[in-house]
Amino acid sequence: MRIGIIGAGTMGGRYAARIAAGEFGSDLEVAGVADLDAARASAAAEPLGVEAYSTAEELLASGGPDAVYIATPDGAHLAPSLAAVEAGVPFLLEKPLATSLEDAEAIVAAVERAGVVAELNFSNRWNPPFVAAKQAIDRGDLGEFVTLFTRLNNSIGSPTERLGWAGSTTSGWFLLSHCLDLAYWLHGRRAVSVYASGTRGVLESRGVPTYDSIHAIVRYEDGTDGSYESVWVLPDGMPAPVEFTFRYVGTTGAATMDTHEQNIALASGSRLDYPGTLDWTPQRMADFVAAVRGEREPAVPIVEGLESTRILVALHRSLESEAVEVI
Ligand SMILES: NC(=O)c1ccc[n+]([C@@H]2O[C@H](COP(=O)([O-])OP(=O)(O)OC[C@H]3O[C@@H](n4cnc5c(N)ncnc54)[C@H](O)[C@@H]3O)[C@@H](O)[C@H]2O)c1
């Protein structure tokens, strides 16, 4: 299967290199790389010996890809998704689905009209601690859902150095979309209202006009709730750039997942690091490939992105209104 890459930044570049290295199976190849930034497209394509394109349309028109992986910035998911639908090419779209309800609904409608296989990359559904929690919940070990707390934070280098477009998104879209999706996957409740509070100043002073932190309380349809934290200004000296904690409480048990330490503390000289050891992308890709081949239903159908998008749209309204917003 030949996979085209749309958006050759951190994620697209990483997926392209891993596909080419055979890490996701020896039967996958990179069909070509497209990026509006020609230098980025070439930098990712040349070492792999594949063609570089400027636009998703050019890559899709080349006839090469059997499927595409779309890893463009949070607010730029609509156009490449519609291009893939138009070409009838299955696609794996990075989270969040979109940063507006209009874009999100347009992608869902196009996919459903065309019947193209399309999945969202809410990749933490394959993250081993969350898989174990899901199994325990589905077995009934924790009883009925009561409440949850989750924290997904990054060190400041993520919005100031790694993401050139951090000012056009928020830690809500970039980070909390994962947490809101995991919560929905684990407990299956629809959200009905949200209150959010945010702080600004540190990132603005560094030329990135977005929130430094967001705290939100989400209420679900049956009176249960969840507390969500995302901070985007933690020091770069942290042992790992991502801090991720999730506590799910049920009537008869609780699950606490914490991936920050990655099961290793590596001390070297004066430096302590938690190098990444949890790698679930091969299984995630295997499930997408199986869906493209018609061997299984899409694991995260595009339509499932609507729930987190609805919550996040209301959450951002609440950040402005300082009031509880109905979803
Ligand atoms: N699943 C995960 O765990 C995970 C982790 C990090 C990022 N992401 C998501 O992946 C997406 C990409 O993030 P990233 O960190 O790779 O960003 P990035 O800035 O490193 O890369 C994005 C690339 O897309 C290109 N681009 C922009 N618009 C385009 C278009 N219309 N067509 C083609 N190329 C276009 C940019 O030039 C850039 O090279 C984001 O939506 C982000 O939230 C997901």
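Twelve residues of domain 1 are in contact with 15 residues of domain 2, where contact means that the C-beta atoms of two residues, placed from the backbone, lie within 7 Å. Helix α5 (residues 101-114) gives the most to the domain 1 side of this meeting, with three residues; helices (H or I, at least four residues) and strands (E, at least two) are DSSP runs, numbered from the N terminus. By class, that side of domain 1 has seven nonpolar, three polar and two charged residues. Here Ala, Val, Leu, Ile, Met, Phe, Trp, Tyr, Cys and Pro count as nonpolar, Asp, Glu, Lys and Arg as charged, and the others, Gly among them, as polar.

A quick note before you dig in: this is a predicted model, in which local features need pLDDT of at least 70 and side-chain atom pairs count only at pLDDT 80 or more, while totals for chains, interfaces and linings use all residues. Residues are numbered from 1 along each chain as its sequence is written.

**Domains**
- The assignment gives domain 1 (2-116) and domain 2 (125-277 + 305-326), with bounds that come from an automatic or database domain assignment.
- Taken over C-alpha atoms, the centres of domain 1 and domain 2 are 26 Å apart.

**Around the ligand**
- The ligand has 28 residues around it, and Gly7, Gly9, Thr10, Met11 and Glu94 come nearest; a residue is near a molecule or strand if its C-beta atom, placed from the backbone, lies within 6 Å of it.
- The elements that give two or more residues to this shell are α1 and α4 (78-87), and α1 gives the most, with three residues.
- By class, the shell holds 14 nonpolar, eight polar and six charged residues.
- Domain 1 and domain 2 each supply at least three residues to the shell.

**The six-stranded sheet**
- This open sheet runs in the order β3-β2-β1-β4-β5-β6 with parallel pairing, and two strands pair if DSSP finds at least two bridges between them.
- At the edges stand β3 (52-53) and β6 (118-121), each with a single partner strand, so one side of each has no neighbour in the sheet.
- Four bridges link β1 (residues 2-6) and β4 (residues 67-70) in the parallel sense, and isoleucine 6 has isoleucine 70 in β4 as its bridge partner.
- Helix α1 (residues 10-20) lies across β1, β2 (29-34), β4 and β5 (91-94), at about 155 degrees to β2; axes are lines fitted to C-alpha atoms, for helices over the stretch in contact, and angles run from 0 to 180 degrees between N-to-C directions.

**The seven-stranded sheet**
- A second open sheet has the order β12-β11-β7-β10-β9-β8-β15, with mixed pairing.
- Its edge strands are β12 (254-258) and β15 (325-326); each has a single partner strand, so one side of each is left without a neighbour in the sheet.
- Strands β7 (residues 145-154) and β11 (residues 242-250) pair in the antiparallel sense over nine bridges, with asparagine 154 partnered by valine 242 in β11.
- Helix α6 (residues 128-139) lies across β11 and β12, running at about 170 degrees to β12.

**Backbone details to check**
- Lysine 95 and proline 96 are joined by a cis peptide bond with omega about -10 degrees, and proline 96 is found in the loop between β5 and α5.
- Glutamate 322 is not a glycine, yet its phi is positive, about 60 degrees; this residue is in the loop between α11 (305-321) and β15.
- With 10 other C-beta atoms within 10 Å, glutamate 322 is exposed; the cut-offs are 20 or more such atoms for buried, 12 or fewer for exposed and in between for partly exposed, with C-beta atoms placed from the backbone.
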